[in-house]
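Hi,

Here is the model I promised to pass on.

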Amino acid sequence: MMQFISLLTFSGKRLTGVLMSVALATSLLASMQVSAASVQVEWREPDSYRDIHPAGRSHEQFRATTFTDLEHNFGKLAKSLPDNQLLKIVVRDLDLAGHVNMNSESPRRRFISSSYFPRMKFSYKLYDQSGHLIKAGGAYLKRPDFIASTAQEYKDKTLGYEKQMIDRWYAETFAPRDVK
């Protein structure tokens, strides 16, 4: 489970009771989260990624937003793992769906077409609570048919094509299998 903490500053007022309450609530939340599965994502050499180009925003802002959004998606998926497990992902390449008109004098836009399908290359390792390796591997995800095969629920999301691709990989890799 991901935790976001916001610190508020009030000028000139004593907030000892409030701060103690916040500290207590934070420690209770932290103790509750110890047993949850977690995920760590490393973006290795992102300057060499195939396509992480912004359309209308700064490169740094777009990259940070994109990485955060995909990290949240991996975190959402990791909630289905057994408690105390850790999933480590090292992303080596990312190519977003579509193409940004980089050499045009008109405003930059991302054009979606079947010629520019999403791709992602990464390795993963799953550890138990003792730090022992449970499962490891590499993945090279690509979806040439992404326009025709993407569910409506993903089409309405930011990075929906990439998220559906990741969700399918996760289901195939970590879903419980029936043993007969």
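E45 sits in the loop between β1 and α2, and this is a predicted model, in which local features need pLDDT of at least 70, side-chain atom pairs count only at pLDDT 80 or more, and totals for chains, interfaces and linings use all residues. Residues are numbered from 1 along each chain as its sequence is written, and side-chain values use heavy atoms, with hydrogens and water left out. The element names come from DSSP runs, numbered from the N terminus: helices are H or I runs of at least four residues, strands are E runs of at least two.

Back to E45: its phi is positive, about 50°, although E45 is not a glycine. E45 counts as exposed, because its relative accessibility is 58%. For these labels, buried means under 20% relative accessible area, exposed means over 50%, and partly exposed is in between (1.4 Å probe, protein chains only). L159 also has a positive phi, about 60°, and is not a glycine either. L159 is in the loop between α4 (152-155) and α5, but L159 counts as buried, at 14% relative accessibility.

Now the overall layout. The protein has five helices and six strands, in the sequence pattern α-β-α-β-β-β-β-β-α-α-α. Of its 180 residues, 34% are buried. The protein exposes about 11,700 Å², with carbon and sulfur atoms supplying 54% of that (areas by the Shrake-Rupley method with a 1.4 Å probe; for residues, only the protein chains shown count as cover). Among contacts (heavy atoms within 4.5 Å) with a separation of 6 or more, 66% are between residues 24 or more positions apart.

Next, the sheet. Four strands form an open sheet in the order β1-β2-β5-β6, with mixed pairing; two strands pair if DSSP finds at least two bridges between them. β1 (38-43) and β6 are at the edges, each with a single partner strand, so one side of each has no neighbour in the sheet. On average, neighbouring strands here are turned by 15° against each other, direction ignored. For angles, axes are lines fitted to C-alpha atoms, for helices over the stretch in contact, and values run from 0 to 180 degrees between N-to-C directions.

β1 and β2 run parallel and are joined by six bridges. S38 has L86 in β2 as its bridge partner, and E42 has V90 in β2. α2 touches β1, β2 and β5, and its direction makes about 150° with that of β1. α5 touches β2, β5 and β6, with its direction at about 35° to that of β5.

On its other pairing, β2 is antiparallel to β5 over nine bridges, and I89 stands opposite Y124 in β5. β2 is mostly covered, with eight of its ten residues buried.

What holds the middle of my notes together is the nonpolar core, meaning a set of buried Ala, Val, Leu, Ile, Met, Phe, Trp, Tyr and Cys residues joined through side-chain atoms within 4.5 Å. The largest one has 28 residues, and L94, M120, F122 and W169 touch the most other members. Two or more residues each come from α2 (59-78), β2 (86-95), β5 (119-127), β6 (133-142) and α5. α2 gives the largest share, six residues. Not counting residues up to four places away in sequence, L94 touches W43, Y49, R50, D51, I52, T66, F67, L70, R119 and M120.

Apart from neighbours within four places in sequence, M165 is in contact with P118, R119, M120, L141, K142 and R143. M165 and R119 are 46 residues apart along the chain, yet their C-alpha atoms are separated by 8.5 Å.

Is K163 buried or exposed? K163 counts as buried, because its relative accessible area is 10%. Its side chain makes a polar contact with the side chain of D69, at 3.0 Å. A polar contact is a pair of N or O atoms within 3.5 Å; within protein, one must be able to donate a hydrogen and the other to accept it, and residues adjacent in sequence count only if both atoms are side-chain atoms. Leaving out neighbours within four places in sequence, K163 is in contact with D69, L70, N73, Y154, K157 and T158.

Cheers
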